[in-house]
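Student: I have a model on screen and want to learn how to read it. Where do we start?

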Amino acid sequence: MKDWKLLLEASDLGIEEPRKEQLALALASLEAAFRPLAEALPVETEPAFTVAAPREEAP
Amino acid sequence: MTVQEAAAQIRARKTNSRELVAESLQSIHRLQPRLNAFITVMDEQAQRRAEAMDRELESGYDRGPLHGIPVAVKDVFCTRGVRTTCGSLLFKDHIPDIDAAVVERLEQAGAVITGKTSLHELAYGITSNNPHFGAVHNPWAPDRVAGGSSGGSGSAVAAGLVFMAMGSDTGGSIRIPASFCGTVGLKPTTGRVSRYGVLPLDFTLDHMGPLTRSVRDAALTLEAIAGHDPRDDSSSRVPVAAYVPAQQAPLNSLRLGVPENFYFERVDPEVERSVRNVAEVAARLGARLISVRVPDIDAINTLGRVILLAEAAAVLHNHLKKKDRFGTDVLALLEQGAMIPAADYINAQRLRRLAVADFNRLWDQVDCLLTPTTPTTAPRLGQERIRLEGEEFDVRLLSTRFVRGVNVITAPALSLPCGLDSGGLPIGAQLLARPFGDAVLLQAAAALEDALGCHDMVPQSL
């Protein structure tokens with residue numbers, strides 16, 4: 001797990017205590033839920049939204 | 001009275017647009033101190049337009065059921081020359097020089113916009129307890145939240161101030177206020193209604209839809225606002241169907257999914273009882289109830305949160321240093337979003353593709369899925385935690401539990417009033433259908449509404 005408190009300190013968001021602690025807890029909780037999902041992703045899965053190829057003009 | 005009933009009265013010359021709009025404006029001003037449902041009331045514009053709509057009808061030009069009907073739009077829809085605040089100090093003096101596509105289409109259909117409804121700050125929350133423009137109150141109980149983020153729209157429709165009010169829904173923001181205020185709330189299929197001219201909360205989860213007093217009113221509104229718009233890249237070219245269901249439409253061929261897992265867990269027992277009653281009513285109307293296991297909704301909610309946090313932070317990144325312009329809850333969400341790694345955001349969009357595929361398999365088994373809209377009725381203003389089944393839950397996370405994931409999977413969804421709890425507060429049932437199954441969804445909801453009779457429920461506190 002990431003050290004979210006340290007990452008918040010290093011960010012340029014200027015977050016003071018005690019909000020830093022609260023945000024770190026929220027981010028850690030989200031990471032704990034999200035990490036296993038991301039780790040199970042098949043490598044070939046593309047994002048739901050991809051860049052569309054430009055349409056070829058008919059010659 | 002519904003839009004359909006008002007439209008019939010106009011054509012029977014029992015009333016006209018000027019009278020309906022005058023009554024609407026009078027009610028808005030009378031109840032504004034109690035409900036705070038509006039940020040801006042457009043008295044003069046609405047009266048002028050009502051006169052014009054009456055003249056058109058008198059000359060034989062009929063634009064359809066919304067012609068001359070007083071409506072409202074959430075204050076995220078740009079209105080040319082009328083300020084559009086998004087419930088935020090950042091936009092408190094923002095006067096757009098365009099109309100949102102939805103506003104254009106409502107006006108083409110003859111609707112009269114009476115004002116801009118209140119909302120949760122930046123449409124980013126579920127209480128509409130706005131630190132800058134004041135809290136929106138629930139017409140059923142003024143000490144309760146109206147839900148959010150389209151709380152003003154829910155409150156205004158439930159209180160009878162307007163016949164329809166537009167909302168936006170990124171993770172339940174139409175359906176939650178509909179559930180808490182006892183109105184119908186429709187989140188159409190992704191791409192069905194143009195997002196052009198709406199101040200965005202995010203890029204891939206935002207949807208526009210109506211809150212109304214009846215399913216058929218939601219359907220006729222969808223007919224007016226749906227369709228391709230080249231100014232919105234996500235706008236679909238799928239043809240617009242006839243959405244307004246017939247009276248007494250049968251449910252004989254409907255396969256109605258009733259979830260075995262997730263949607264009836266962590267639910268107030270009174271809410272569960274009411275929603276299960278909807279299933280029984282559907283069965284009596286001829287629907288085939290099919291017990292189904294739904295995909296992992298907790299996982300879909302999680303990836304929905306990652307997407308929303310990151311996209312909302314991107315939308316508002318340039319304003320993040322102006323901390324005094326934000327309420328504490330919204331600022332905390334934006335700061336969380338600014339910390340989401342790019343790889344996590346992209347992986348959430350990859351997981352989204354799998355979630356859509358999982359649900360597509362479910363749509364092979366059922367036509368609609370029935371769930372509660374919210375696990376509880378409206379919480380009290382200022383309440384941050386809810387106790388349920390012996391556990392404490394965060395109000396925001398609990399209230400979005402059944403609705404957030406629907407925005408991820410692009411499906412249409414509708415909240416339908418299905419009863420009152422023992423405290424006299426409305427309960428909402430949610431129906432989902434496959435993407436672009438909006439017509440099936442509305443037909444099922446209308447049949448259930450006819451049988452349940454809950455659209456006649458009116459808040460007594462007013």
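Tutor: Start with a count of elements. This is a predicted model. Chain B holds 14 helices and 17 strands.

Student: How do I judge the overall form of chain B? What radius of gyration does chain B have?

Tutor: Compare the radius with the globule rule. A compact globule of 462 residues would have a radius of gyration near 23 Å; chain B has 20 Å, so the two agree. Along the principal axes, the C-alpha atoms of chain B fill a box of roughly 55 × 55 × 45 Å.

Student: What share of the residues of chain B count as buried?

Tutor: Burial here means 20 or more other C-beta atoms within 10 Å of a residue's own. In chain B, 59% of the 462 residues count as buried. Look at contacts next. Take those in chain B between residues at least 6 apart in sequence: 76% join residues at least 24 apart.

Student: Now a local feature. How many bridges join strand 14 of chain B to strand 15 of chain B?

Tutor: Four bridges join them, residues 385–388 to residues 391–394, and the strands run antiparallel. Arg387(B) has Glu392(B), in strand 15, as its bridge partner. Two residues sit between the strands of this hairpin, and Glu389(B) takes a positive phi near 50°.

Student: And the interface? How many residues of chain A are in contact with chain B?

Tutor: The size of an interface is often given as the accessible area lost when the parts come together. Here we count residues instead. In chain A, 20 residues are in contact with 22 residues of chain B. Helix 1 (4–10) and helix 2 (19–39) of chain A each supply at least two residues of that side of chain A. Helix 2 of chain A gives the most, with nine residues. The chain A side divides into 16 nonpolar, two polar and two charged residues.

Definitions and conventions:
Residues numbered from 1 in each chain as written. Chains lettered and ligands numbered in written order. Predicted model: local features only at pLDDT ≥ 70, side-chain atom pairs only at ≥ 80, totals over all residues. Contact = placed C-beta atoms within 7 Å. Nonpolar A, V, L, I, M, F, W, Y, C, P; charged D, E, K, R; others polar. Rg over C-alpha atoms; globule rule 2.2 N^0.38 Å. Buried ≥ 20, exposed ≤ 12 C-beta atoms within 10 Å, placed from the backbone. Pairing = 2+ DSSP bridges.
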